[in-house]
There are 2 protein chains.
Amino acid sequence: MMLYIVGFGAGSPEGMTIAARQALESSSLIVGYTAYIDLLRDLLPDKELASTGMRQERERVELALREAQQRTVSLVCSGDSQLYGMAGLAYELSPSYPGAEISVIPGVTAAFSGGAVLGSPMTSDTALISLSDLLTPMEKIVRRLRCAAEGDFVIALYNPSSKKRADYLRRACDIILEYRSPETVCGYVQNIGREGENYRIMTLSELRETSVDMFTTVYIGNSDTKIVNGKMVTPRGYRNV
Amino acid sequence: MMLYIVGFGAGSPEGMTIAARQALESSSLIVGYTAYIDLLRDLLPDKELASTGMRQERERVELALREAQQRTVSLVCSGDSQLYGMAGLAYELSPSYPGAEISVIPGVTAAFSGGAVLGSPMTSDTALISLSDLLTPMEKIVRRLRCAAEGDFVIALYNPSSKKRADYLRRACDIILEYRSPETVCGYVQNIGREGENYRIMTLSELRETSVDMFTTVYIGNSDTKIVNGKMVTPRGYRNV
């Protein structure tokens, strides 16, 4: 049977695609992380839902694959289903679950939904980087930060902080400051698409002194990024065409 | 009044978010590039639609801003409204159009919708790069390719080819081959979400010898990317946790 890996978008039901909604409606079981399953309980009150806690990604994917051998299942990811999501792991584990066919339903990842709140920071070439070193070695993250800064990419940072990694955003800013002006326009968005959504725009040197929580996406502009009417805007040269 | 800058997704009506659909329905005028307006004509037969041709981005945005001084308008972009879209230009031009308030409605950009067709190439840190040098100087594109390759990012390439730029994908592959194995898993998707959608998975050295058209998105995996059951899959270490 079919296993849909569904990107849910930022957190409000309107943020999901029509294809995502259709996949959820056509499923007889929806599996996900507890917080997203709670959101879906109101939206789809008659569905069978199964949730697993944080960091139980492997258990969650195995449950979804096992059930999808018998019936149509949706596995829900916040944002997109690929980027820092479950689609890759589902494909990796799928050879052990014959009969479960995977279909990836993309969603709007946090970088894009948060960027829309800030203005249009991501108009041009962008690097998407997670600061979490749970699954990626820190030296690889540092190398990617260096390369993204050197390449003058717009940078969107996922998982910029946690209790154990309180200084990671500061360390990332220090690396980027080796290549970029301290006046580079930056911003962050908290609780994208959810209650308590808020944003701030600031310079890179101010960002270095800022504490953010794990529900935050951080943006570092490229050398062209500017502030227009209080919004963070990266131009792309159309004005000069 | 309100100007919604609406990311339409990949091209099928199901690929747009519910918020995008609501913005289009609440608008009294929808402005866009001819090809997208034709798609909307069937979907929203009673709406007033206005289209402008390719490369007429500035005219399109100015028309939308001018009309939004009087009524609710949606300006439609393929994929996302920020990335290689019109949101940045709309903010840049907005100070000349008082009374037109901008709201950016994000959409699923081609990298994500195409990635879902290939499998899950974009599970981890990703660089999004356009090979079009109409708006970005070629030396900047080359620098970004170098940095993305050196940083072992998954790379998604937009606008990989055009009549005038037939050899750009080959040149991009040559740059990336300075840093990455010729066996790196790559792929492309044509006509994402539209009639004629198709994909191919190959090595980086094979990609170098491949011709693609302008309706193609190209993916270069990172050093961990592999093929699982005929799909392009980038792992993210969950199996080792």
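1. Two strands pair if DSSP finds at least two bridges between them, where strands are DSSP runs of E with at least two residues, numbered from the N terminus. In this predicted model, strand β7 (residues 126-130) of chain A and strand β7 (residues 126-130) of chain B run antiparallel and are joined by 3 bridges. One of the residues concerned is A:L128, whose bridge partner in β7(B) is B:T126.

2. Some conventions: residues are numbered from 1 along each chain as its sequence is written, and chains are lettered from A in the order in which they are written. Local features need pLDDT of at least 70, side-chain atom pairs count only at pLDDT 80 or more, totals for interfaces use all residues, and side-chain values use heavy atoms, without hydrogens and water.

3. Chain A can be laid on chain B with an RMSD of 0.0 Å by a turn of 180 degrees and a shift of 0.0 Å along the axis, when the copies are superposed by least squares on C-alpha atoms of residues with pLDDT of at least 70 in both. That is the relation of a two-fold axis.

4. In chain A, 72 residues are in contact (heavy atoms within 4.5 Å) with 72 residues of chain B. The copies meet through the same surface, because 100% of the interface residues of chain A are also interface residues in chain B.

5. The rule finds 8 salt bridges across the interface of chain A and chain B, a salt bridge being a side-chain nitrogen of Lys or Arg within 4 Å of a carboxyl oxygen of Asp or Glu. Among them, A:D125 meets B:R144 at 3.0 Å, N to O.

How values were computed. Helices (H or I, at least four residues) and strands (E, at least two) are DSSP runs, numbered from the N terminus.
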